[in-house]
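Let's walk through this one together, question by question. Have a look at the structure below, and then we can start with its packing.

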Amino acid sequence: MKKAKLLALVLAALLMLPVFTGCGGGGEESSSQSPEDSSSAVSAPDEGEDSPPAEDSSAAEDGDEPQAGAVQLPISEEKIEVTWFAGMDSNLTTLVDNMNETPFFQQLEEKTNIHIVFDHPAAGNGTTAYNLLFASGDLPDMISHQSPGYPGGLDACIDDGYILDLTDLVPEYCPNYMKAVKDFSEQYDENVLRSSYTGSGRIGAVGQLMQRPQGPWAGLYVRGDWLEDCELDTPETFEDWEEMLTAFKDKCGATTPMLLFKNGYDNVFNSMVMGFGVTSSWYQEDGQVKFGPAQEGWREYVTMMHDWYEKGLIDPDFMASTASASFLPDTAMVTTGKTGAFVGIYTNVAMWEAAIEGDKDNFIPVYTPVKNAGDTHNFQSLILSNATATAGLSISAQSEYAEECLKMFDYWFSEEGALFCNYGVEDDTFSFDEAGEAHFTDKIKANPDGLSFAQAMAYYTFPPARPVYQAWFRELDSVPEKDVGCFDVWGKGDSSKSMPAASALAMDPALYTEYSTIMTDIQTVVDEKTPQFISGVISLDEYDAYVETIQSMDIERAAEILQQAYDAFMAR
């Protein structure tokens, strides 16, 4: 491992700051599963049923495959201390300085005899801190990878001697995790198993896995009460949308009929662009990869949005938006009647409605607009990952506690551990109902100390978007039943043209670096020109020049690399 090579890689990575592409408990695969099926809670063991015998997977005889089941606790006979580089949960920033101060991690320590010391990068500085971590050469025991990840991917990170090759270790010490991945792949999505391995067929990280598929957790909302006041039906086509936004402006006093993210599009759920047959990133059509912002559908989208901008139907100041993501609208704009259409998260609806006077259900989820009534899209969002092992948690090659770290991880995927991670302590933070299903108590749902539901959940349980067997449906305890209907609305269509993100395809390290360098420059052009075309800063007469610019920036080479990786991924 040469320092010059490392510094070159780090400097390259620092130039590739990521576009925000995800949210908390979400994943990259969506499902047509109904909300009723999705909201089933974790069940208690049947009365009188013996618990599975404790398994110490390291004690399996040669040739025997370790069996999933209970994990022997404590994991370490003597108290040990391990370090973990990971971002601080945003809900905890005003409550603790380090996540090991929360009751959950203190209770986890009591169970496992492992004290975790977190190394939290400063908010907004995760990527830089991540890259400088490797430059320092002083690595923690566990490393949560930050987007866009190690230059060259996990294979390069292993080959450069920073993290362990877990290919043989995970099956030995994490049988519960391996079983969960295989079961999910067989029942729901075979890409989950594929994405658990690198391009060379190794395991470089372990990651979050949903216990069952999660539908789209964000999408388009409109003011349902305004639709009623304007005597309009729920909009379906772009023509319907223009009529609706015009009415919101002229009859409801909306100064910003529709909110728009600062880059001019929703880069996570593609809530508007899908109606033009493209996405904001890569997709595939009959197996051929295509880059959405270079396709004709993107021109159609930009042209329409420019027209709406000129007509005063979208935020006149969208380029100055301070929203950290396209699905996190300005709450004040939403609750003060300044806007009537935006992308939002279904768990926020009750909060918005509570802030508005009256007893109406003000916000309704709507399907992405289409050109013709009855159309559906083919891009059921893969950003809703059910598994994120590709960019998950790795074990440092310097760690002397690799075995203990992996056993602790496997505990999080065991029946007992998953229940504890997701719900906390029985009769304290959760209880079982008559059907044997776990639900949060008021300590989480109506915290007496004034913590919000999200804060209490992050404080007393394993925070979301972590390498754990995630019961995403636990959040439904705070969501009115009517708002769960969003899954049916946003989940129409299919995923026949979707493809996993480039980072999940596990490219050859050198090719991944080449691809990332090309796409960083191209993405900069897309995010600069798209809002300028929409706002009129640049005339649409110059759109052909924009396409030619992208084509001149080696987009064909990026497509060639991605095509090769996609074909190899699908052939696994």
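Q: Which residues does Trp 308 touch, leaving out those up to four places away in sequence?
A: This is a predicted model, in which local features need pLDDT of at least 70, side-chain atom pairs count only at pLDDT 80 or more, and totals for chains, interfaces and linings use all residues. Residues are numbered from 1 along each chain as its sequence is written, and side-chain values use heavy atoms, with hydrogens and water left out. Taking contact as heavy atoms within 4.5 Å, the partners of Trp 308 are Phe 238, Trp 241, Glu 242, Leu 245, Met 258, Met 272, Leu 313 and Ile 314.

Q: Which members of the largest nonpolar core touch the most other members?
A: A nonpolar core is a set of buried Ala, Val, Leu, Ile, Met, Phe, Trp, Tyr and Cys residues joined through side-chain atoms within 4.5 Å. Buried means under 20% relative accessible area, exposed over 50%, and partly exposed in between, using a 1.4 Å probe and protein chains only. The largest core has 103 residues, and the members that touch the most others are Trp 241, Trp 282, Trp 308 and Tyr 346.

Q: Which helix gives the largest share of this core?
A: Helices here are DSSP runs of H or I with at least four residues, strands are runs of E with at least two, and both are numbered from the N terminus. The largest share is 10 residues, and it comes from residues 509–535, helix α19.

Q: How many residues are in the second, separate core?
A: Among its members are Ile 80, Val 96, Tyr 177 and Leu 393. The number of residues in this second core is 47.

Q: Is Asn 113 buried or exposed?
A: Most residues other than glycine have a negative phi. Asn 113 is not a glycine, yet has a positive phi of about 65°, and its place is in the loop between α3 (103–112) and β4 (114–119). With 17% relative accessibility, Asn 113 counts as buried.

Q: What is the relative accessible area of Asp 554?
A: Asp 554 also has a positive phi, near 65°. This residue is found in the loop between α20 (543–551) and α21 (555–570). Asp 554 is partly exposed, and its relative accessible area is 46%.

Q: How far apart in sequence are the parts tied together by Glu 285 and Lys 497?
A: A salt bridge is a side-chain nitrogen of Lys or Arg within 4 Å of a carboxyl oxygen of Asp or Glu. Glu 285 and Lys 497 form one, with their closest N and O atoms 3.2 Å apart. Because Glu 285 lies in strand β8 (residues 282–285) and Lys 497 in the loop between α18 (486–490) and α19, the parts they tie together are separated in sequence by 212 residues.

Q: Which helices hold Arg 299 and Asp 544?
A: These two residues form a salt bridge, with closest N and O atoms 2.7 Å apart. Arg 299 is partly exposed at 23%, and Asp 544 is partly exposed at 42%. The pair ties together parts 245 residues apart in sequence, as Arg 299 lies in helix α11 (residues 296–310) and Asp 544 in helix α20.
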